Amino acid sequence: MSAIEWHSGDLLLRCRLQPKASCDEIVGLQGERLKIRITAPPIEGRANAQLIKYLAKAFGVAKRDVEILSGELGRSKRVRIHQPTSIPDIIRQLYSD
C-alpha cells in the first residue's frame, strides 16, 4: 500500500503525524508515509482534531468527511477523505510520481 491511494472516489492516506509543529502543513513523503505537521499537542485528542480540521480545509470537504481509520493513539495513521473537492499541489505531485 502506498502513502496515497484512491478508493471509490475517496482518498486514503497513510500518514506520519508530527504534533507541536510551528505550522500545519503536508511536508512530503517519509518512507512509505505522508508526513504531516500539526501545531496542536498530542494531548486529549487535540492533535487528531487539528489534523481533521486541517485536512478538511486542504481537501475542500467538511470535517465529518475526514475519518481516522486507524492510529488514533499513535503518530502513524490511516485517514480517509470522502470525495475530496480539491487536491493540494503537494499531493498532486506525489500521486503523479
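## The largest pocket

Helix H1 (residues 46–59) gives the most to the lining of the largest pocket, with 3 residues. Helices (H or I, at least four residues) and strands (E, at least two) are DSSP runs, numbered from the N terminus. The pocket has 14 lining residues, and Pro42, Ala47, Glu72, Leu73 and Gly74 lie nearest its centre. Its volume is about 180 Å³.

How is such a space found? Rolling a probe the size of a water molecule over the atoms shows where empty space is left. Here a pocket is an open set of points on a 1 Å grid over the protein atoms alone, where a 1.4 Å probe fits, with protein on both sides within 12 Å along at least five of seven lines; lining residues have an atom within 4 Å of a point. Grid points are joined across faces, edges and corners, and the volume is the space filled by probe spheres set on the points.

## About the model

This is a predicted model, in which local features need pLDDT of at least 70 and side-chain atom pairs count only at pLDDT 80 or more, while totals for chains, interfaces and linings use all residues. Residues are numbered from 1 along each chain as its sequence is written, and side-chain values use heavy atoms, with hydrogens and water left out.

## Three salt bridges

How many salt bridges does a search of the whole structure find? The search finds 3. A salt bridge is a side-chain nitrogen of Lys or Arg within 4 Å of a carboxyl oxygen of Asp or Glu.

Aspartate 10 pairs with arginine 80, and their closest N and O atoms are 3.4 Å apart. Aspartate 10 lies in strand E2 and arginine 80 in strand E6, so the pair ties together parts that are 70 residues apart in sequence. Both residues are buried. Buried means under 20% relative accessible area, exposed over 50%, and partly exposed in between (1.4 Å probe, protein chains only).

Arginine 37 forms a salt bridge with glutamate 25, with the closest N and O atoms 2.8 Å apart. Arginine 37 is in strand E4 and glutamate 25 in strand E3 (residues 25–30), so this pair ties together parts that are 12 residues apart in sequence. Arginine 37 is partly exposed, at 26%. Glutamate 25 is partly exposed too, at 26%.

Aspartate 89 and arginine 92 also meet in a salt bridge (3.0 Å, N to O). Both lie in helix H2, 3 residues apart, which is about one turn of the helix. Aspartate 89 counts as exposed, at 54% relative accessibility. Arginine 92 counts as partly exposed, at 46%.

Arginine 80 is found in strand E6. Why does arginine 80 count as buried? Its relative accessibility is 19%. Its side chain makes a polar contact with the side chain of aspartate 10, at 3.4 Å. A polar contact is a pair of N or O atoms within 3.5 Å; within protein, one must be able to donate a hydrogen and the other to accept it, and residues adjacent in sequence count only if both atoms are side-chain atoms. Beyond four places in sequence, arginine 80 is in contact with residues including His7, Leu12, Asp65 and Leu69. Contact means heavy atoms within 4.5 Å.

Lysine 77 is also placed in strand E6 (residues 76–81). Lysine 77 is buried yet has no salt bridge. Where is the nearest side chain of opposite charge? That side chain belongs to glutamate 72, 7.4 Å away. Lys and Arg count as positive and Asp and Glu as negative; His and the chain ends are not counted. The side chain of lysine 77 reaches the backbone oxygen of glycine 71 at 2.7 Å. Not counting residues up to four places away in sequence, lysine 77 touches Leu13, Arg33 and Asn48, among others.

## Isoleucine 36

Isoleucine 36 lies in strand E4 (residues 33–37). Is isoleucine 36 buried or exposed? Isoleucine 36 is buried, because its relative accessible area is 0%. Leaving aside neighbours within four places in sequence, its contacts include Cys15, Ile26, Tyr54 and Leu55. Leucine 51 is another of these contacts. The C-alpha atoms of isoleucine 36 and leucine 51 are separated by 8.4 Å, and the two residues are 15 residues apart along the chain.

## Two positive phi angles

Most residues other than glycine have a negative phi. Serine 8 has a positive phi, near 55°. Serine 8 sits in the loop between strand E1 (4–7) and strand E2 (10–18). Serine 8 counts as exposed, at 66% relative accessibility.

Glutamine 83 has a positive phi of about 45°, although it is not a glycine. Glutamine 83 is in the loop between E6 and helix H2 (89–96).
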